[in-house]
Amino acid sequence: MIAVQHLSMRLTAAGRPVTILDDVSLEIPSKQTVAVMGPSGSGKSTLLGLMAGLDRPTAGSIRLDGVEITSLSESQMARFRRVKIGYIFQSFHLIPTLTALENVLVPLELAGNIAAKDEANEILQTVGLGHRVHHYPVQLSGGEQQRVAVARAFACRPPILLADEPTGNLDSLTGRHIMDLVLALHRDYGTTLVLVTHDRGIATLMHRVIALRDGRIESDQILPTTADDLREPAL
Amino acid sequence: MSQFIFHMAWRETRGAWRHFLYFFICIAIGVSALVGVSLFAAHVEDAVSKQAKALLGGDLEIRSSHPLSAESRAVLQALDQYGIIRTHVSELIAMAARTTQGAMAAHATQIVELKAVEPGYPLYGTLNIEPSDSLDHLLHPDRARCGTAPCHGAVVQEALLLRMGVAVGDRIKIGTIEFLITGLVRTEPDRMANAFSLGPRVIVSEAGLTESALVQPGSRVRERELLQLPSSMPFEPLRGELRGRLAADHVRVTGYRDAQPQLKQFLEQLSRYLGLIGLTALFIGGLGVAMSIHAFMREKLKTIAILKTLGADSKLLIGVYVLQAIGLGVIGSAAGMLLGIVWQRVLPPLLASGFVSELLLQVGASAALSGVSIGPLLKGGALGLLTTLLFSLWPLMRVRDIAPAAIFRREVDPDSGDPLSESSWRARVGLQDWVGVTTVAVLVCGLVILSMWQAGSWRVGGWYVGGVALAILVLLGCSRILLLGLRLIPRPGSISLRYAMGNVLRPGGHTAGILVAIGMSVVVIVTVSLVEQALLRQVGESRPVDAPTFFFIDLQPDQTEGFAALIAERTGGRTPEMTPLVRSRLHALNGEEVKVDEERDQDERRDETKEERRKQWYLSREYVLTFLDELPKGNEIVSGAWWQPGQRLVTPQVSIEEEAARSLGLEIGSHIELDIQGATIRAEVSSIRKVDWGNFSTNFYMIVSPGALDGAPVTYVATIHVDPEQEVSLQQAVVAAFPNVSAIHVGDVLRNFASVLDRLALAIRAVALFCVITGGLVMAAALAATRYRRLYESIILKAVGATRGLIARTFAVEYALLGFMGGIMAVGLSSALSWLVLTHVFDLTWSLHPIVLFTGLTCTVLLTLLVGVLSTFRILGQRPLAVLRHE
């Protein structure tokens, strides 16, 4: 359960105050999949980042599974993220000096998982990269890199997965594969999924679509009809 | 979690070894300098303490400046019944004269350090002589070698043969008799490795000395009685008893454990200051560490932000990178330790061919590792590791400033700036919050403690840290000012000059850091050279033209007339300045008997203040007195009044030198009692003098009024200035006519001093060279940090048509500019430092040394050019498209 109330974010850009989010409130029940849409600069990535505790809002509150994250210290937030949140970036953000396996190992080791290596191997297998575990990011294609990022985000089986345009840097076929993967994992692990996207096609795969404009919620739709499509993803 | 730290630290190091190459070398070189110096010092010190008995000559030594009284001799004779073995040694300065016509260039007369020994010498250690016959045999040659008349043998240092053009088997005249040279002495166990000696050693028998008639009343002789105790007998009780029973003779009784304090002190000081220069090299290397880590952090911004989004907090990440730094520090320090072992084997024989290797030979010090090597090795390793830790902690603390937001904000807005570019200076130096303040405090305290540990003294360590901190601040300030000045200069028309200036002035280019590193490393070496030059000039050139050529010592009263006549005859009527001398000791101050406290051991003495030590020195020393009618040249009365010439005084009066009066607590009207070989005279302090000790004439702490010393055993010292061409013949004539008189040639003494100074300065410069090396490494590290940017820019320049030559020129001008700015700051600061040292430590006047400064500046520019070109020449060959494709 994600509860966002009166969330505002103001930054200073080139010396002038800019409002990125303006009094946003929403609730996302557990296991729901949500697409956040909107034009560039509408504040969707910022909303996602704030939900992950990657930055502090100017005002408002964010409760994840009953925990008010805006008041956590940096260390508390980091520890909270370790077990509760998986995050997928548009440009993958793998650590270039680590192999695919080691990238996936990071969250598992952070969580103190004893069987980290086995689990990392297993999940890389699941995303279809069992044969490339010892490759470095530069040796992988974009799609493969994003698969590693997905594996990394799911490694600790977080209850919440936040994905910031996960297919934005990929061609449409590869993007489709990544979405299938994400949705399959969502189904298997019962993860709450919040996904920022420009792609209407991807948005229609979700339970719910929230549209932002100028930092405010413009619309918030439940798409009951599409829900059943999720049951049959083509991996 | 801890598993994560270890794994991450390893993974982050694995692929990044290039980044840490300079880090590693900086630490290794710094540690090797420290370890090399302290290993060498430890090995020599160990050998010295193992050879303590041999260095002293016995378990106990009784030393005096005059023959012992009959009572004292009886005390010593009584020791024989306890199984104590005794031997007597006399040491004095004498003149040796050739008896045959030698080679043209050789001296016919030569000042020598004469040592007369009894059978049984040496009690401990070995006398290294050639041929390997018994010393006794060599000193008492048989008829087969001497011929009909009985004769005495002499074992001499090879230098004597070379200087006088004589050989083993020839005869030399010392005093009134001839000695047959029967062998060579290589090393003596109890001759302190003399960096500074008046002449070569000649060993004769006591019987030979007596017959030579060299020792006259008042002659300057060091009488040593050496005792070997049965192994079951501890030396302390006997030392105490002898001090009591021989007190009337003013002897100095020394046990082997407190032997050679001067040698120990010299070694201690040498290793302390060389060690501190080594530490400076390590600290400059620390700058390289900080720079490498800083550059590494800059590259790791994204990784750190990603790791934070994955749930790693700052503490954990700092743990990862600190562990990495520790690992690299350990390896670097270990390499430094190995390199240090190599240095201490290679450097000392290479550098200090003179006195240090002689000392090594004498005490049998070896470079082989042993138990005593562990301390210096561990200390060097620990200093390396701690320096690494301290210098990497600072840049690593900035991990906290990297927010995970940085990465997603960049996703949102690619132009959202560099998360590490803070505006406030407090943030830049890490003082923005209490964690930062604590880190900086830990860093500063750590450096202070490290320095004090290395210096082995709070005071010296404190001065060192203060000096280094001040130097860094001054250099930093100067580099800011220079850069500001450079910014104000209108950009020149030449493209390469314009780009070079742009590179130097670019923000984030580490320019200030490079300048400080260059400055620091050059300052040490230039300052040493400046001080050395000033000292050499002082002893060499600043001698007044009429300064005496010779000091003739040990003239007897009945020889003065004949001597003056001889001088007049030889020099065309010049008169020597003759000063009467009487040896004495302080007996009482203001009616209170002086107690020289010799019982205190070394440790107690260490705790004393400088004032107390100075007072003890003034209380226990021997005073050479003179009586004069007139206030001598170079003396100035600061209080009281000089006596009227010819005035007969009821109470004898004494004029005291300013410093001595202050340390002894004497004022006008105070009374002192002086002991002159058992007789006591009482005198009233009537004036206090300031003495110019550097005036090249005979100077005195105490001068008494004429008549006060009537009846005391007097000798005379004569000084005379002669023309260079008269020197040799005059010396020969004096030695022939007055064999007991020794001629000390001022020029020779000063040359000797200059060569010692030169060798010392060479040793210091050798260690200072490590500072230059680490300084160069810091610059290379800083340039490596900007390598990619340079590569990119040179590619762009090439793409728009710049030739490789133009780019090379641009880089060369930039490095030369850096070297010039760093060099200017360094020579400026060196001049200031040398001024401070010369005026405050050596009491000399400072003057500008343009040649040293110019050489320092030129070498700095050339070295920075070399380092810069070596660090970046590979960039020049890169083809534009290959690089741009990767963009």
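This is a predicted model: local features need pLDDT of at least 70, side-chain atom pairs count only at pLDDT 80 or more; totals for chains, interfaces and linings use all residues.
**Exercise 1.** Determine how helix H20 and helix H24 of chain B are oriented relative to each other.

*Solution.* Step 1. Two packed helices are described by an axis angle and an axis distance.
Step 1. Helix H20 of chain B spans residues 560-571 and helix H24 of chain B spans residues 724-737; their axes lie 11 Å apart, at an angle of about 150°.
Step 2. Angles over 145 degrees count as roughly antiparallel, and H20(B) and H24(B) are therefore roughly antiparallel to each other.
Step 3. The crossing of H20(B) and H24(B) is right-handed.
Step 4. From H20(B), the residues B:Leu566, B:Arg570 and B:Thr571 take part, and they meet residues of H24(B) that include B:Leu730 and B:Val734. Classified by type, this contact has five nonpolar, three polar and one charged residues.

**Exercise 2.** Carry out the corresponding analysis for helix H2 and helix H13 of chain B.

*Solution.* Step 1. Helix H2 (residues 21-50) and helix H13 (residues 374-396) of chain B have axes that come within 8 Å and cross at roughly 155°.
Step 1. By the cut-off of 145 degrees, H2(B) and H13(B) are therefore roughly antiparallel to each other. Their crossing is right-handed.
Step 2. On the H2(B) side, the contact includes B:Gly30, B:Leu34 and B:Ser38; on the H13(B) side, it includes B:Gly380, B:Gly381 and B:Gly384. By class, the contact of H2(B) with H13(B) has nine nonpolar, eight polar and one charged residues.

**Exercise 3.** Decide whether B:Tyr499 is buried or exposed, and locate this residue in chain B.

*Solution.* Step 1. B:Tyr499 belongs to helix H18 of chain B, residues 495-505.
Step 1. The criterion for a buried residue is 20 or more other C-beta atoms within 10 Å. B:Tyr499 has 22 such atoms within 10 Å and is therefore buried.
Step 2. B:Glu814 is 315 residues apart from B:Tyr499 along the chain, yet their C-alpha atoms are separated by 8.1 Å.
Step 3. The domain assignment of chain B gives domain 3 as 482-545 + 749-887 and domain 4 as 575-720. The centres of these two domains, taken over C-alpha atoms, are 52 Å apart.

**Exercise 4.** Characterise the side of chain B that touches chain A.

*Solution.* Step 1. The contact takes 26 residues from chain B and 27 residues from chain A.
Step 1. In chain B, helices H1 (2-14), H10 (261-309), H11 (314-351) and H14 (404-412) each supply at least two residues. H14(B) gives the largest share, six residues.
Step 2. By class, this side of chain B has 13 nonpolar, seven polar and six charged residues.

Note on methods
Residues are numbered from 1 along each chain as its sequence is written. Chains are lettered from A and ligands numbered from 1 in the order in which they are written. Helices (H or I, at least four residues) and strands (E, at least two) are DSSP runs, numbered from the N terminus. A residue is buried if 20 or more other C-beta atoms lie within 10 Å of its own, exposed if 12 or fewer, and partly exposed in between; C-beta atoms are placed from the backbone. Domain bounds come from an automatic or database domain assignment. Two residues are in contact if their C-beta atoms, placed from the backbone, lie within 7 Å. Ala, Val, Leu, Ile, Met, Phe, Trp, Tyr, Cys and Pro count as nonpolar, Asp, Glu, Lys and Arg as charged, and the others, Gly among them, as polar. Axes are lines fitted to C-alpha atoms, for helices over the stretch in contact, and angles run from 0 to 180 degrees between N-to-C directions. Angles under 35 degrees count as roughly parallel, over 145 as roughly antiparallel, 65 to 115 as roughly perpendicular and the rest as oblique. A crossing is left-handed if the near helix is turned anticlockwise from the far one by less than a right angle, and right-handed if clockwise.
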